[in-house]
Amino acid sequence: MNEKSLKVLEFHKIKDLLINKAESQLGKELAREIKPLTDINEIQILQQETDEALTLLIKRGSPPLYGINSIYQEIKRVEMGGSLTPGGLLKISDSLRVSRGLKGYIKESKDDKYSSYPIIEDLINQLSVFKHIEDEINNAIISEEEISDNASSTLRSIRKQIVSKNDAIKDKLNSIINSQSNKKYLQDSIVTMREGRYVIPVKQENRSSIPGLIHDMSSSGATVFIEPMAVVELNNQLRELEIKEREEIERILMELSNLVASEASKIANNEKILKKLDFIFAKGKLAIDLNATKPILNDRGYINIRKGRHPLLDTKKVVPIDVYLGDEFNSLIITGPNTGGKTVTLKTVGLFTLMAQAGLHIPADYNSEIAVFNQVFADIGDEQSIEQSLSTFSSHMTNIVDILNKVEYNSLVLFDELGAGTDPTEGAALAMSILDHLLKMEVRTIATTHYSQLKIYALTTERVRNASVEFDVETLSPTYRLLIGVPGKSNAFEISRRLGLQSYIIDYAKDLISKENIEFEDVLQAMDRDRRKIEEDKAETERLRFEIESLKRILSAEKEKTKDMREKILHKAREEARLILKEAKEEADLIVSELRSISAEIEKDRNKRIQEAHEMLKKKVDEVESSLSENLLNIKSKKPPKNLKVGETVEVLSLNQVGTVLTEPDEKGNLDVQVGIMKVNVHISTLRRTDSEEKEKNTFKAKKIASNKSRAIKNEIDLRGKTIEEAILDIDKYLDDSYIAGLNEVYIIHGKGTGALRDGVKNYLRGHKHVKSFRTGKYGEGGDGVTVVEIK
């Protein structure tokens, strides 16, 4: 296709619009390479692709294409046995996610029995889905910089040890900097890091007072950063753990890379298909934006554009045009005033042809036809060149000579102001000769002109047709409507008169032109009047036809209304009979209901008496229990222990249990005793000392309970599907068990949903005795669907 014509017709701007519609860089690359084709069968396939994408976008919305990336380098690396970075693995995961999402997208479309998308369905069916690889990557990698603890149990263990070691080092250093004896040696009571090791700032003159390794010195030299000998070994252990962590991460990345390598060829094939799909849907999105339709293609050189709108003009202002060419005539000569729309018509026809042959829909009405040409040539615009010393005429003629040298059968040629820029007589003669040459070659040609000779040429030459852009003399402005078959009338005299030019000047001007020209213009004026009259008559005919159709519809509606009234009367009679039956049934139901109500009252009275008897019995039982409890709690030791020390084993007589003394008796004789998992406050008079055997038995029993709890309890509880009240009961027991089992951190799974259960759980946790703190789950822990609780 002629590159200069592509530029003149602004095909590159359409390409830019298409590039912006692609989601990925891969799709944009294909959009940049788009160009018009000449094989009608290939073009039909491209048009079908666009049509399928357009239909899917309208029916199903945008497909899940976000996340398409170039993974060529990553695939090449794993095929060579290399290890991918976390970012590279996430790109692979995104690619697999998009492939899986498209499978679901097209599955929904298959459910539509009335639609078929063979090209897109075939492409998506070729995509490979590897959910296990996708899940493994997402489970192990949080972001391009962070590997999840869930990547492996070894990594989780190492990181726990690192946290523990960090805490131990900080505790040790804090004890050093908070020591009264050391504070005088320190520049500041803080812990910082140098070269990955924990250090403390020591005054230069006191460097020998804090034994350890010097790692750095302040710029002033007043402070040295020392790693105390007390934490050197701990820091060494921390460094070893960090090395192990790095090695484990490298192992995990290698393992995931090998997993990708096992399916490398299929994943690479996915990339090619996703690239193609992104490009196809970009064409569909552009068609939606331009309100474009699929053109009917032919190889007969026939163009029939219905209500065509130039795609680069404002859709609110552009006037649609109807253009046809190649059936009854092969050449179209358009006349009319400047800025009337002649050049826009040329560009619209040329650009529509290029778009259609590139597989893009055109912004025109349905059933518009576009011919597939081998070449499209355009000489449009003023290309005067000062550097080449070329006038406007010379510049145009240079381009025309090049076109005539390259033109062949089945070409489309567009001329703007053919023969302009020189003597009108010679220019018109040249224009007619060029048009006649192209007509003999059966080349489809559209030319714009101001020459009256070309109007006569079109009227007197077979297979050449006149056209004009309409001009409203009343408003002195163009209407931008294209009228095929009507030559444009020169409106110079009429416009001048309306603008105020004296009549004698206009009359003298008329005398200066030939009688034939005046008669020709008069004929054109008469034709224009007749055309307007025909259009008015046609409009009136259409109005009357519409009125007759409207009356027919009203008569038909009245007929249907009469039929409906008859049906309604019958329906009303049936409805009244049904209501009578319904009322009788309701009355019978009311009587039955009253009988049941009387029966219920009797039953209610009986239940009331049973309840009163039950409450009386309960009251008696409570009194007996209270009496027993009082007697039990009043049990006193015959020989209360003296000089009790913290840690001694005693028997709590009121509980009949053995416990350990936690505090010495206060002034009133009250003290705290640990009995199993309970801490109770009792009076010394209810205690007695026990021997060591009973103490060991009790301790063993408490440890056994805690051991059993720790084995049975999990570090998570699932509350999904429960009400808030049910969840709180479960949480309360679970936190007690977790506390006994010695768990430090537990996960409460409540799901996301409306958030009511999550808020209820958090409100309850705020005041719980065993809860030290809680937070929302992080990425990889369950996010908003999980609350992580730290146990006291």
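## Two helices that cross

Helix axes are lines fitted to C-alpha atoms over the stretch in contact, and the angles between them run from 0 to 180 degrees between N-to-C directions. In this predicted model, the axes of helix α2 (residues 11-21) and helix α3 (residues 25-32) come within 8 Å and cross at roughly 165°. Because angles over 145 degrees count as roughly antiparallel, α2 and α3 are described as roughly antiparallel to each other. The crossing of the two helices, α2 and α3, is right-handed, and the contact is made by Lys15, Leu18, Ile19 and Asn20 on the α2 side and by Lys28, Ala31 and Arg32 on the α3 side.

## An open antiparallel sheet

Strands of a sheet pair through backbone hydrogen bonds, either parallel or antiparallel. Here, five strands form an open sheet in the order β18-β17-β16-β15-β19, with antiparallel pairing. Strands β18 (678-683) and β19 (687-689) stand at the edges with a single partner strand each, so one side of each is left without a neighbour in the sheet. From one strand to the next, the twist averages 45°.

Strand β17 (residues 670-675) is joined to β18 by six bridges, and these two strands run antiparallel; valine 673 stands opposite valine 680 in β18.

## The protein overall

The protein has 22 helices and 23 strands, and 39% of its 792 residues count as buried. Among contacts with a separation of 6 or more, 66% are accounted for by residues 24 or more positions apart. The accessible surface comes to about 45900 Å², of which 52% belongs to carbon and sulfur atoms.

Note on methods: Residues numbered from 1 in each chain as written. Predicted model: local features only at pLDDT ≥ 70, side-chain atom pairs only at ≥ 80, totals over all residues. Heavy atoms only, no water. Helix = DSSP H or I, 4+ residues; strand = E, 2+ residues; numbered from the N terminus. Buried < 20%, exposed > 50% of the residue type's maximum accessible area, 1.4 Å probe, protein only. Contact = heavy atoms within 4.5 Å. Areas by Shrake-Rupley, 256 points an atom, 1.4 Å probe, with all protein chains shown as cover. Pairing = 2+ DSSP bridges. Parallel < 35°, antiparallel > 145°, perpendicular 65-115°, else oblique. Left-handed = near helix turned anticlockwise from the far one by under 90°.
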